[in-house]
Amino acid sequence: MTTTTRLELPSFTRLRRLRATPLLRRMVRETEVTPADFIAPFFVTHGRDVRRPVSSMPGVCQLSVDLLVQEVRALAPLGVPAVLLFGVPASKDPLGSEAYARDGIVQRAVAALKDAVPDMVVITDVCLCEYTDHGHCGVVENGHILNDPTLELLARMALSHVEAGADIVAPSDMMDGHTVAIRRALDAAGHTHTPIMGYSAKFASAFYGPFREAAESAPRFGDRRSYQMDPANGREALREVEADITEGADIVMVKPALAYLDVIRAVRERVPHPLAAYNVSGEYAMVKAAAANGWLDERAITLEILTAIKRAGADLIITYHAADAARWLGA
Ligand code: PBG
C-alpha cells in the first residue's frame with residue numbers, strides 16, 4: 001500500500017495506539033484494584049477446631065475462633081486490611097439475645113482477633129437475623145417486623161462489639177433510624193471515634209441465598225421486602241444513602257454490587273463519602289459454579305468483576321474472593 005492510498009482514507013481515531021504493549025496499557029489504565037481495597041467476610045462459630053464448609057460457597061467455611069485467628073493471620077501479609085465478621089450463635093430466640101451478649105460468639109472473636117492480629121481492622125456486622133429464631137432482622141409481633149423496638153437491640157449489639165474491641169460497626173438490618181440509634185449509644189459510652197459503615201442501600205436480593213446457608217439466617221416466614229429495598233429502585237437508594245449520612249454513617253455501601261453498578265455510580269456522583277460495595281454470596285457462588293464446570297476462568301472473571309465494581313465508583317469491596325484475589329494481584 002502506498003502513502004497516497006492511505007491519505008485517501010476517511011479520518012478515524014486510532015484508539016489502538018495506546019493498547020500496543022503491556023506497558024503502554026498499564027500507563028493508561030484508569031482503574032487499579034489492590035488488596036488494600038478488600039474487606040474479607042468471615043463466619044464465626046462456637047467450638048474449637050471447627051471448620052464447617054458452606055456447600056453453596058466453595059472455599060468459605062464457618063470457623064471456630066481459633067481457626068479464624070489462623071486465617072486472619074494468613075490474610076494480613078497479603079495486604080488485605082480488614083475483615084467483616086458474622087456470628088453463628090449457640091442458640092436462637094425471638095429477641096436474638098446472643099447478638100448483644102458480652103460473651104457472644106462475635107464478641108469473643110473480636111477480642112481474640114484484636115489480641116492476635118491487632119493491626120487488622122475488625123468490622124462487625126450488626127443485624128439480628130443470625131440470632132433470632134424467626135430469622136428476621138428485627139423484633140417480630142403478629143407477623144410484622146417492628147422498627148423502633150428493634151433500634152435499642154441493635155444499639156446494644158453495636159456497643160457490645162465495640163466494647164469487645166471492634167474497630168468499625170456495620171449495621172445491615174435496614175431498620176429506619178438504626179444509624180443514629182447506634183451513633184448515640186456509642187457516643188454516650190465514650191466511643192465517639194468508632195466509625196459506622198452503613199449498609200445504606202441494601203436491596204432485597206435473591207443474591208443473598210448462599211449467605212443464608214452460611215449464616216443460618218433465612219427468614220422462617222415471609223421475606224425481607226418490608227425492610228430491604230426493592231431492586232427496581234435506583235433513586236430511592238440515594239434517599240437511603242442521604243439518610244444514612246445525615247444519621248452519622250462514615251462509610252456508605254451499596255449491596256449487592258454486580259447487578260447494581262448503576263447505583264454505585266449514582267452514589268459516587270452524589271456523595272464524597274468513602275463508598276463500599278458488597279460483592280455478595282450469590283455473585284461469588286455463580287463464579288465458583290461456572291469455574292467448577294470449566295465454563296469460566298475464575299481468576300480472570302473475578303479480577304474483571306472487582307475492577308468493574310471499582311470502576312463504577314466503589315472505594316472498598318467486600319468480597320469472599322479477597323484472599324485469592326489479593327494473591328492473584330500480588331503474583
Ligand atoms: C444480614 C446480612 C445479609 C447479608 C449481609 N448481612 C443477609 C440478608 O440480609 O439476608 C448478605 C451477604 C451476602 O449475601 O454475601 N442481614
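What follows is a working chat about the predicted model shown above.

Q: To start with the overall build, how many helices and strands does the protein have?
A: This is a predicted model, and its secondary structure comes to 12 helices and 12 strands. Along the principal axes, the C-alpha trace spans about 80 × 45 × 40 Å.

Q: How much of it is buried, and what does the surface come to?
A: Buried residues make up 52% of the 331 residues, while the accessible surface comes to about 15,700 Å², with 53% of that belonging to carbon and sulfur atoms.

Q: What about contacts between residues at least 6 apart in sequence, how many of those join residues at least 24 apart?
A: Of the contacts in that set, 75% join residues at least 24 apart in sequence.

Q: Charges next: how many positive and negative side chains are there?
A: There are 35 positive and 41 negative side chains, and the centres of these two sets lie 9 Å apart.

Q: Switching topic, how many disulfides does a search of the whole structure find?
A: The search finds 0 disulfides.

Q: Then why don't Cys127 and Cys137 count as a bonded pair?
A: The sulfur of Cys127 has its closest cysteine sulfur in Cys137, but the distance is 3.5 Å and therefore too far for a bond, given that a disulfide needs the two sulfur atoms within 2.5 Å.

Q: Are those two cysteines buried or exposed?
A: Cys127 is buried, with a relative accessible area of 1%, and Cys137 also counts as buried, at 1% relative accessibility.

Q: Let's move to Ile123; where is it found, and what is it in contact with?
A: Ile123 is found in strand E5, which covers residues 121-126, and it counts as buried at 2% relative accessibility. Leaving aside neighbours within four places in sequence, its contacts include Ile39, Leu84, Ile168 and Met197.

Q: How far is Ile123 from Ile251?
A: Ile123 and Ile251 are 128 residues apart in sequence, and 12 Å apart in space from C-alpha to C-alpha.

Q: Which elements do the buried residues of H6 pack against?
A: The buried residues of H6 pack against E5, helix H5 (148-164), strand E8 (168-171) and helix H8 (235-246). Helix H6 spans residues 178-188, and its buried residues include His178, Ala181, Ile182, Ala185 and Leu186.

Q: What follows H6?
A: Gly190 follows H6, and its phi is positive, near 90°.

Q: How far apart are Leu18 and Pro94?
A: Leu18 and Pro94 are 76 residues apart in sequence, and their C-alpha atoms are 60 Å apart in space.

Q: Last one, what about Thr45 in strand E1?
A: Thr45 is found in strand E1, residues 38-45, and is buried with a relative accessible area of 5%. Leaving aside neighbours within four places in sequence, Thr45 is in contact with residues including Val50, Arg52, Gln62, Val88 and Ile105.

Notes
Residues are numbered from 1 along each chain as its sequence is written. This is a predicted model: local features need pLDDT of at least 70, side-chain atom pairs count only at pLDDT 80 or more; totals for chains, interfaces and linings use all residues. Side-chain values use heavy atoms; hydrogens and water are left out. Helices (H or I, at least four residues) and strands (E, at least two) are DSSP runs, numbered from the N terminus. Buried means under 20% relative accessible area, exposed over 50%, partly exposed in between (1.4 Å probe, protein chains only). Contact means heavy atoms within 4.5 Å. Accessible areas come from the Shrake-Rupley method with a 1.4 Å probe; for residues, only the protein chains shown count as cover. Lys and Arg count as positive and Asp and Glu as negative; His and the chain ends are not counted. The place of a charge is taken as NZ of Lys, CZ of Arg, CG of Asp or CD of Glu.
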